[in-house]
Amino acid sequence: MSIQDRNKKILMDLVQLPGNNTCADCGAPDPDWASCSLGVFVCLDCSGFHRSLTSMNRVKSIRLDFWDDEMVKFMKTNGNEAAKIFYERDVPPFYYRPQQKDSAVLRDQWIKAKYERQEFTGDNRHRQEIYSSGFYEGRLWKKAKDNGQFLKRKFTLSDSDFTLKYYTKDDLPRAIISIKSLNATFQPEKIGHQNGLQIMFQDAQRSQNLFVYHDSGQEIVNWFNAIRAARFAYLKTAFPMANDSELSPRITRNYLKEGYMEKTGPMQRETFRKRWFILDGQERKLLYFKTKLDAVELGAVFIGPETLGYSAAKIAPRGTRGNRWKFGVTMETPDRQFVFMCEREREQGEWLEALKVIISKPMLPQDYASKNPSQAGVWLCRLGLCACDQMVAGSNLRVCNNALCNSAALCINSITCYKFIDYIIILY
Ligand SMILES: [Zn+2]
């Protein structure tokens, strides 16, 4: 056996060990590239980001490239687990760790933060200050509401009052946005910029969008993590009894599916109109907008579970009511039937699958707030089973200590009321 064959065999065995069998940076299965400067196994995509690191750019294919004994020994003594212990020793709990399907800017910046700037080794804590201090300020390109132009605007983020503000003139905020209902998600394709970030928030009863970007990848990812830090601080205050792993999925989220479909009205005789839909799995909502970069939602449909009468199915093509597209999806809710038409059969399948993911999930206590935003927080206890549909008997109820919440009745299992910070008191 030649040196090369023997070394390749050793590498192939090494990459199957737990830890090495997923990409060190995005978790993709079966990595077949490696950084022989850092001693980590990575996927093809992440190998590209590693190549762009300034000082540690020795990246090789474990199948195609030549490996000498020295390098193989280095991989053996290092590996993904050891690298993780060193480079990820001190990742803040709010900091976003990208996955395989995340946008390139997130993965690229994660790799730069981790290995090049060494932000998480514990020795460079000051480098985390910029996004974890509770205040962030800067200028972002923001899409104007009316003409689609991107204009440079000052933004400030503060966790002292949990707001995001932007300014058209330097001293006067044009909008003050509560971060309590805010979500941020990278949307490079939709926004048409590799660093494009969508910020969605709830204003009164409607969801609204801000579309922003920064020319620097590091800067936009800092913004994203600063928003996550502020959201995490808010969640910690609102739900003091919850642990980090419970709060973490609620910091920000990606949407289950987005795209154009045609929809008709409640009578199903109305003209079909093309709308941009966003399916939010966490909030159990299908939101629709006039176009993909519209600021204000036109409407939203709450999606409950199968047990409460929700279902989705394919429907036969309809050609008589003004729809141009032929691949239909129908969704039943207790109130009405919705009909959506997709342009392609593949999209029909994807929408159906995504809707079924939500329909098959049981309702959680917080979903009742999503169904009826005016009651958000008022009725829900952290452990559920109370003033939702399953209210328990009177003597076991507690009431929230917050004046704004005085009608909330919560079961004996409750620890804190969902929205307000105050502890609840027992109501005898
Ligand atoms: Zn990867």
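Tutor: Of the 428 residues in the protein chain, 35% are buried, a residue being buried if 20 or more other C-beta atoms, placed from the backbone, lie within 10 Å of its own C-beta. The model is predicted: local features need pLDDT of at least 70, side-chain atom pairs count only at pLDDT 80 or more, and totals for chains, interfaces and linings use all residues. Residues are numbered from 1 along each chain as its sequence is written.

The largest nonpolar core has 63 residues; such a core is a set of buried Ala, Val, Leu, Ile, Met, Phe, Trp, Tyr and Cys residues joined through C-beta atoms within 7 Å. Ala34, Val42, Leu197, Phe224 and Ala226 have the most contacts inside this core. Helix α8 (residues 217-238) supplies its largest share, ten residues; helices are DSSP runs of H or I with at least four residues, numbered from the N terminus. Because domain 1 (3-125) and domain 2 (127-246) both give residues to this core, it lies between them; the domain bounds come from an automatic or database domain assignment.

Leu197 illustrates the packing: leaving aside residues up to four places away in sequence, Leu197 touches Ala184, Phe186, Gln187, Val212, Tyr213, Ile220 and Phe224, where contact means C-beta atoms, placed from the backbone, within 7 Å. In soluble globular proteins, nonpolar side chains tend to be buried together. Across the protein chain, 49% of contacts between residues at least 6 apart in sequence join residues at least 24 apart.

Technical notes. A residue is buried if 20 or more other C-beta atoms lie within 10 Å of its own, exposed if 12 or fewer, and partly exposed in between; C-beta atoms are placed from the backbone. Helices (H or I, at least four residues) and strands (E, at least two) are DSSP runs, numbered from the N terminus. Two residues are in contact if their C-beta atoms, placed from the backbone, lie within 7 Å.
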